[in-house]
Each structure stands twice: as structure tokens, then as C-alpha cells.
Amino acid sequence: MHRRQFLGSAMAASLLALTGPGRALAAGPVRLLPPALRPGDMVGLVSPSSATDDSLKLQLATEAMQALGFKVRAGEHYGDRRGHLAGSDADRAGDINRMFGDPEVRALVCGRGGAGAARLLPLLDYGLIRRNPKVLLGYSDITALHCAIQAQTGLVTFHGPIGSGSWNRFVVDQFRRVFFQHELLEYRNPPDEDEDELVPRRNRTMTIHGGRARGRLLGGNLSVLVGLAGSPYLPAFDGAILFLEDVEEAPYRVDRMLTTLKLAGVLDRIAGFIFGQCTDCEPRAGYGSLTLEQVLDDHVRPLAIPAYRGAQIGHLREQFIIPVGGQVEMDADAGTFRLLEPVFS
């Protein structure tokens, strides 16, 4: 789905009104950790964003959670549809609030992304979430929930696969290492074992500016994150490691969104930068275009902070599961980042 959001000067102005170029962002809430998961726990399936067009996908999400060893409880409106949305805003938000309030549910897994999660943010009960911290897993449009929950509660959530997505060997192995074994992982792109090349060409990272940095890992889908401009649902980025990804966005739109973050002073506050994958983000026909590499060089290289691109984050079959709000150290020369502290209570 194309996210042709209007992120021009009006949005930049609204974010500037929130932060101001010379003002520090709010310190934000104290970091809150979810309890660890164990096989046999109850997982709640919710649909915060778009409707699922095939009931088989809903079934596959249930079966995947069961195959991981969990019991499953679907939200009351998990399979609803209202236009492109998975039901009304009140019903979708209600499912999330009920799952956080349900003492038997230990984690929330989002069935899919798409669009519409940002509509729920004023309807979520952040006090309830703060009192009942739990694992939340999803990516893409779920960035809206990651950002809002981080900004309002400080709860560490997890950017990673959706319930109806691919639960391949790589993802399942990382899920178990993160959630069951509680490893302080180092995130490094694995070599492409099927590549028949003397020098690897695929699945590589590229350094934008070398060096190491430590900080809180924040970010997600670029267009969804920038769409929260001017709202109280954007977390504080001071000293953070910002990670971004996107899908089906032409380079000129990526340029516009990074310009918004630059004008707002967000890019000047971060300690490090990791760009994942921008899937199907090729230039369109016309008078020509900057490449994505040029856009990143224009906006990120002048910051003179550790930065690299190509991490396995985003709309990929094999994607990292990473803690939003977790403390990490990144190495831009090696194209890696690693957890420094536990992310479970």
C-alpha cells in the first residue's frame, strides 16, 4: 500500500511548534520493561490497522503462535472490516486496551500492518498500559503504536514480524533467542548462503559515517513516524539511535520526510542512525531523481555521527526483532548493533 502522505512544510511547521529548533525535547517517561515470555503463555492477537483480506491469514497467525508454544486469544474485533480498516477505531482500540488489561494475556501480537493505527492513539489507555506492561510485537504501520507507547509510558516494545507474516527459520530462531532465551543479541546481517559470488553482493550493509554510538533505539517506519508530527505521541530522540525503514516510497518522498525531521531538529539530536530496507523505493519516471543513497548522504552524512544502511529491518521475509526503547551500541563500520541491557523485567 502506498502511503502518499502530505509531509511538506505544514507538517514540518507543526513539529517545529512542538519542539522548536533550539528547544530540547521532553525527557520522556522512565524506561518500563515487559515481563519475560514462556512457552504456554497466552498471546493476544489484535488488528490495529488494515483489515485482513483472507481469513486464512487470520488462521495462519493463530497457528504460528501455537507452533511457538503459546495459547492464543483473538481480540473480539480481530477479524472485523470497515472499509480498509479492521473495524471501527473504538473497536480496534478497545481490543488493545482489553488485552493489556487481561491478566491472562502476556503479549500482544499484531495480525498485520497497513494503515490506520495512528487513528487509535487518543483512544488508548496509557495508564492501563503503564500498570500492565506487556510485550507488543509488529512493524510497518504498528510504528504508530511503538512511538506512542514509548512516548506516553516508556514501555519497551518490539519491532518485528506480524502474526500473518512469514515465520521462517530465521525469524523463529530470532524470536526464541529474544523472547525465550533473553539473549543480548548482536544484530548482524547474515551472509546469503545461496549467493554464488566471489565477493558478496546481496544482504550487505554500507557505512554512511563510521564510528560507534550508544543510546536508546527508537524509530520504525519513516512515513508513519513523520506522520505523528506535532502530536504528543512522538518520543524524545535526544541521544537516541534512530532506525528507519519504508516501502514503496520514491526517493523524493524519502527526501521530503527526512527534510521534515531535519527542520524539526530531530536529526540533530540523535547519537546514531541505522537505515534498514526501503523496499520498492526506486525512482519514478520523469525528469530524473536523486537516488536513495544520495538522499541519505545529503541528510545523514553531514551529521558526522555513526550511521549505516542496509540492516535487515523492514518489509523483508527475514527481519530482525528489535526492542524499541532498548539500550544498544552500534558500530557503523561493521554494520552491527547489540543490546547492552536486558529488555525484560
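These legends accompany several close-up views of a predicted model.

**View 1. A disulfide links Cys278 and Cys281.** Welcome to the one disulfide that the structure holds. The sulfur atoms of Cys278 and Cys281 sit 2.1 Å apart. Turn to the torsion about their S-S bond: it is about -70°, so this disulfide is left-handed. Both partners, Cys278 and Cys281, are buried.

**View 2. Cys110 and Cys147 are the subject of this view.** The closest cysteine sulfur to that of Cys110 belongs to Cys147, and because the two are 13 Å apart, they are too far from each other for a bond. Cys110 has a relative accessibility of 0%, so it counts as buried. Cys147, at 2%, therefore counts as buried too.

**View 3. Eight strands form an open sheet with mixed pairing.** To find your way across, follow the order β6-β14-β13-β8-β9-β10-β11-β7. The edges are β6 (186–188) and β7 (206–209), each of which pairs on one side only. From one strand to the next, the twist averages 30°.

**View 4. Strands β8 and β13 pair in the antiparallel sense.** Here β8 (residues 212–221) meets β13 (residues 327–331) over five bridges. A handy landmark is Arg216, whose bridge partner in β13 is Gln327. Helix α9 (residues 292–300) packs on the sheet, where it touches β7, β10 (272–279) and β11 (307–309). The direction of helix α9 makes about 160° with that of β10.

View 5. Trp167 and Phe175 are both buried. They also belong to one aromatic cluster, together with Phe70, Phe158, Phe179, Phe180 and Phe344.

**View 6. Phe320 and Phe337 form an edge-to-face aromatic pair.** Their rings lie 6.2 Å from centre to centre, and the planes make an angle of 80°. Phe320 lies in the loop between β11 and β12 (322–324), while Phe337 is in strand β14 (residues 336–339), so the pair ties together parts that are 17 residues apart in sequence. Phe320 and Phe337 are both buried.

Note on methods:
Residues are numbered from 1 along each chain as its sequence is written. This is a predicted model: local features need pLDDT of at least 70, side-chain atom pairs count only at pLDDT 80 or more; totals for chains, interfaces and linings use all residues. Side-chain values use heavy atoms; hydrogens and water are left out. A disulfide is a pair of cysteine sulfur atoms within 2.5 Å. Buried means under 20% relative accessible area, exposed over 50%, partly exposed in between (1.4 Å probe, protein chains only). Two strands pair if DSSP finds at least two bridges between them. Helices (H or I, at least four residues) and strands (E, at least two) are DSSP runs, numbered from the N terminus. Axes are lines fitted to C-alpha atoms, for helices over the stretch in contact, and angles run from 0 to 180 degrees between N-to-C directions. Contact means heavy atoms within 4.5 Å. Rings of Phe, Tyr and Trp (its six-membered ring) pair if their centres lie within 6.5 Å; planes under 30 degrees apart count as stacked, over 60 as edge-to-face and the rest as tilted.
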